[in-house]
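Welcome! Take a moment to look over the sequence and the model below, and then let us walk through them together.

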Amino acid sequence: MSKLYTTPRGYMATIGFFDGVHLGHRHLISQLCGEARRLGFDSMVITFDRHPRQVLCPDHAPRLLTTCDDKLRLLRATGADRIETLHFDRAMAAMTASDFMRLMLSERLGVSRLMIGYDNRFGHNRAEGYDDYVAYGRSMGMTVTRYEPLDVDGLRVSSSLVRRLLDEGDIATANKCLGREYAITGRVVEGFKEGRRLGFPTANISPDDPCLLIPRNGVYAVRVTTGGITIPAVMNIGDNPTFHRVATTLEAHLLDFHSDLYGESVHVTFDSRLRDERRFDGTEQLKAQIARDTQAARAFYGIGQSDTFSHDTHQ
């Protein structure tokens, strides 16, 4: 296999799925870029287009923190010289770690120094570990090193940790580990219009990627960005127990915004969890709680009752 992407000295690279591109990932890539500059190498981040479990055991694949496009955008922002995306399939999954390092990393991508995450394993069945990678690398002239993990508030930052935090509804800690606010993209679709009948019209949002993780059911303070403007909102995630719904919906009441968003693409940023979802005995109780939720969101964003947002682009 010929070398496709090489510099005169080869690349210093790291490899991983990098779901979420959280602070731990950025800590690793920062170390990679700094060490590459010090030693005179170009830096490369190697990732995959699909999570390995989406190929090997799709019924047990994790919900993802980023789409592939968002992940690549975040990786490009790290300052690495090159971002390389490999297509993960069963043929790649069957490669031993030694063959993967020789054929893909060394011969195809020109990697001469490899920095791996503290818990990263690759190769068939992830059967080998760091000491094996060092030995394989030595046999092919590749130096392999391992970086130290990053802890935030006593927590070892990882994609699985962020997923667990979002599943628990702990948006604040998840955002701290991500180094940014968790977000999803979607499109506004037709809903049941119950919010409108209660005096709180909502945008019913269908996520673009069904593999994305949706935070735990509950009520959140969010920001909805569409058409170049950002509007604070209060969002309910859940199955609407008061109305006995079955499917989970994402419904956002945009504060002081009254235009029609049907069919529009929106980007939803999660800032704070306000409360758990609960069932009410009637619509009047629900309406009163939505009013309190709206006030809580206004207080979170520092918005008064009379504040409005320009939305001339949404007529």
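You will find Val 21 in the loop between β1 (11–15) and α1 (23–39). Its backbone deserves a look too: the phi of Val 21 is positive, about 45°, although Val 21 is not a glycine. Most residues other than glycine have a negative phi.

Asp 256 also has a positive phi without being a glycine, with a value near 60°. This residue sits in the loop between β12 (249–254) and β13 (265–275). Its relative accessibility is 12%, so Asp 256 counts as buried.

## The whole protein and its confidence

Keep in mind that this is a predicted model. Its mean pLDDT is 88, and 88% of the residues reach 70 or more.

The secondary structure consists of ten helices and 13 strands. Of the protein's 315 residues, 48% count as buried. The accessible surface comes to about 15,200 Å², and carbon and sulfur atoms hold 47% of that surface. Among contacts with a separation of 6 or more, 73% join residues 24 or more positions apart.

## Helix α5 and the cores

Helix α5 covers residues 97–108, and its buried residues are Ala 97, Phe 100, Met 101, Met 104, Leu 105 and Ser 106. These residues lie on the same side of α5, because they cover an arc of only 160° around the axis. After the helix comes Gly 110, with a positive phi near 70°.

Which residues touch the most other members of the largest nonpolar core? They are Phe 100, Leu 105 and Phe 270, in a core of 62 residues. Leaving aside neighbours within four places in sequence, Phe 100 is in contact with Ile 15, Phe 48, Leu 86, Met 92, Met 95, Leu 105 and Phe 122. Another core lies apart from the largest one; it has 16 residues, including Ala 36, Phe 41, Ala 80 and Met 115. In soluble globular proteins, nonpolar side chains tend to be buried together.

## A strand residue and a loop residue

Ser 43 belongs to strand β2 (residues 42–48). Is Ser 43 buried or exposed? Its relative accessibility is 2%, so Ser 43 counts as buried. Beyond neighbours within four places in sequence, Ser 43 is in contact with Tyr 11, Met 12, Leu 32, Cys 33, Ala 36, Ala 80, Asp 81 and Arg 82.

Thr 202 lies in the loop between α9 and β9 (203–207). Because its relative accessible area is 28%, Thr 202 is partly exposed. Not counting residues up to four places away in sequence, Thr 202 touches Glu 251, Ala 252 and His 253. Thr 202 and Leu 250 are 48 residues apart in sequence, with their C-alpha atoms 9.3 Å apart in space.

## Cysteines

A disulfide is a covalent bond between the sulfur atoms of two cysteines. The count of disulfides here is zero. Cys 57 has a relative accessibility of 29% and so counts as partly exposed. Cys 68, at 26%, also counts as partly exposed.

How values were computed: Residues are numbered from 1 along each chain as its sequence is written. This is a predicted model: local features need pLDDT of at least 70, side-chain atom pairs count only at pLDDT 80 or more; totals for chains, interfaces and linings use all residues. Side-chain values use heavy atoms; hydrogens and water are left out. Helices (H or I, at least four residues) and strands (E, at least two) are DSSP runs, numbered from the N terminus. Buried means under 20% relative accessible area, exposed over 50%, partly exposed in between (1.4 Å probe, protein chains only). Contact means heavy atoms within 4.5 Å. The arc is that of the directions from the helix axis to the C-beta atoms. Accessible areas come from the Shrake-Rupley method with a 1.4 Å probe; for residues, only the protein chains shown count as cover. A disulfide is a pair of cysteine sulfur atoms within 2.5 Å. A nonpolar core is a set of buried Ala, Val, Leu, Ile, Met, Phe, Trp, Tyr and Cys residues joined through side-chain atoms within 4.5 Å. pLDDT is the predictor's confidence in each residue, from 0 to 100.
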